[in-house]
Amino acid sequence: MPISHGDQLFEMIQSLTKAEKRNFRLYAKRIQGESDAKFLQLFDFLEKQKDFDEELIIRKLKDSNKSQLSNLKRHLYQHILTCLRLMEIHKSEEIQIREWIDYAVILYGKGLYLQSLKLLAKAKTLANKLNHDILQLEIVEFEKRIESRHITRSTTQRMDELQRESEEHSDTNLSIALLSNFKLALQRHFINNGHVKTTEERLALEKDFRDKLPKQEEDAKTFFQKIHIYHAYYWYHYLLQEYDKCQEYAAKWVNLYASEPKMIEMDMDMYMIGMHQLLVTAFYLRNYPVFIETLDRFEKFRKEVYPKFNYNSQILSFLFVHQGRFNRHFLEGSFQEGTGRTLQHTLRRIRRYDNKLDAHKLLIFYFKIAWLWMGAGKPTTAIDYLNLILNHPGKALREDMQAYASLLFIMAHYDLKNVDFLDYVINNTARFISKMRDPSKLQKASISFFRRLLNARPDDTQKLFQDFRKKLEELKANDFEKRSFIFLDLESWVESKIQNKSLAQVVKERHERRLEQGF
């Protein structure tokens, strides 16, 4: 297996757990018959290094040069993958199915057709149990190949059954491919264009969805057909900012997995993504009962199955659950509580996964932490985290989130009464927003408000806040501005100035009123 860079091998070795490293050493000694095999020596050197140093390795490995080291790295990489696969066979039923198919190929090559068919039947039963449509088709096609080339004494009924299965699995896999393509197109539309912002965009998206939605949707029967349909509808309504519909399809997605626990075990990541989407939309809707029930369910699931998580699942569970914990404090107004254990646990996890988190996800956490400290009445600490966002090199954070971070930066400095600095910050933010491809009305109105506020006499500030509250109410009634109020709760901050209360108190009172109203 070609390895273009030594640090790829180094990265893989650094990702191994203690158990995986121990198993690899046992595997290496077993296949070599001696403990000082060169590829095992290379493994030991790389495992102990903090940074990849090729020159040092060449000096330590006797009788080695750069060319020999390159071959040795490929050799070691291949052996690590083989060892990991052997370890995963007993954990992953999908790998088990593939192994049985491989064994069936070997048996077929030796002319043991009936034994090969017997093993394929075993693989097919498990693939059907796991709703693995692609593997089911692969197995049926292999069975057909054997039956058509050799006399196996199969009945006509058996031939008819194979043809029926082949047609059925072909149709199912075509349906899944079309639905997953459609879902990806919707996601790409969001990445490129964001939410719909005008009536014209809404009508165009609705027509496009109707015209391009695969017709197979009407005949969806299998597990993954349904999952892809729910995913597609989720993204469609997400683009339209119809969060109640998003919540509905995310709930269907989660409940379908819950109805087949075996599927959760097979693909924990997809189940967690579904719970995350449900959490997010419940948060957007301020639907506390659904949010808290889903978060508790997620926390319980994570605790029960964490030992079974692979590294990728650990990272996803961290991102989703810890974001959910932050959002819980934002809903309840329990900011001070959030700056305790919740925050400390998150910071420890960030340090643990630092080299695996992309910059955008990290900066989103910093934004949430900054808002947490604002709510806790500590704008100075909020500014520390906002500086990490605003001074980050490149364009790691989405443009709209960068604008919200800048607005929060202004709010924090206003709370600290840094009047002399505010003029510079407001002008900087105004320039940034003016250059945005598509700034929201809330962002533009906020800059205009802060400029008036900076130049106002003390006696006029209360009226300015009250006038801006009315403006916020107007904007909130606009269907295309819903998302603007989700990421930055400017409304609660303004209300806290009008009522002369803390931000946490205003958010908490609003939360209590929603609960009294049954939502």
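Notes on the model. I am working with a predicted model, in which local features need pLDDT of at least 70 and side-chain atom pairs count only at pLDDT 80 or more, while totals for chains, interfaces and linings use all residues. Residues are numbered from 1 along each chain as its sequence is written, and side-chain values use heavy atoms, with hydrogens and water left out.

Entry on salt bridges. I found 30 salt bridges in the structure, a salt bridge being a side-chain nitrogen of Lys or Arg within 4 Å of a carboxyl oxygen of Asp or Glu. One of them joins the side chains of Arg25 and Glu47 at 3.4 Å, N to O. Arg25 lies in helix α2 and Glu47 in helix α3 (residues 38-48), so this pair ties together parts that are 22 residues apart in sequence; helices here are DSSP runs of H or I with at least four residues, numbered from the N terminus. Glu47 is partly exposed, with a relative accessible area of 22%.

I then turned to Arg325, which forms a salt bridge with Glu299, the closest N and O atoms being 2.8 Å apart. The pair links distant parts of the chain, with Arg325 in helix α16 and Glu299 in helix α15 (residues 288-305), 26 residues apart. Arg325 counts as buried at 18% relative accessibility, whereas Glu299 counts as partly exposed at 24%. I also noted that salt bridges with shared partners join Lys21, Arg25, Asp44 and Glu47 into one network.

Entry on Glu99. Which side chain of opposite charge is nearest to Glu99? I found that it is Arg85, 4.4 Å away, and that Glu99 is buried yet has no salt bridge; for charge, Lys and Arg count as positive and Asp and Glu as negative, with His and the chain ends not counted. Glu99 sits in helix α6 and touches Arg85 and Ile89, leaving aside residues up to four places away in sequence, where contact means heavy atoms within 4.5 Å.

Entry on Ile89. I placed Ile89 in the loop between α5 and α6, and Ile89 is buried, with a relative accessible area of 7%. Ile89 touches Ile95, Gln96 and Glu99, again not counting residues up to four places away in sequence.

Methods
Helices (H or I, at least four residues) and strands (E, at least two) are DSSP runs, numbered from the N terminus. Buried means under 20% relative accessible area, exposed over 50%, partly exposed in between (1.4 Å probe, protein chains only).
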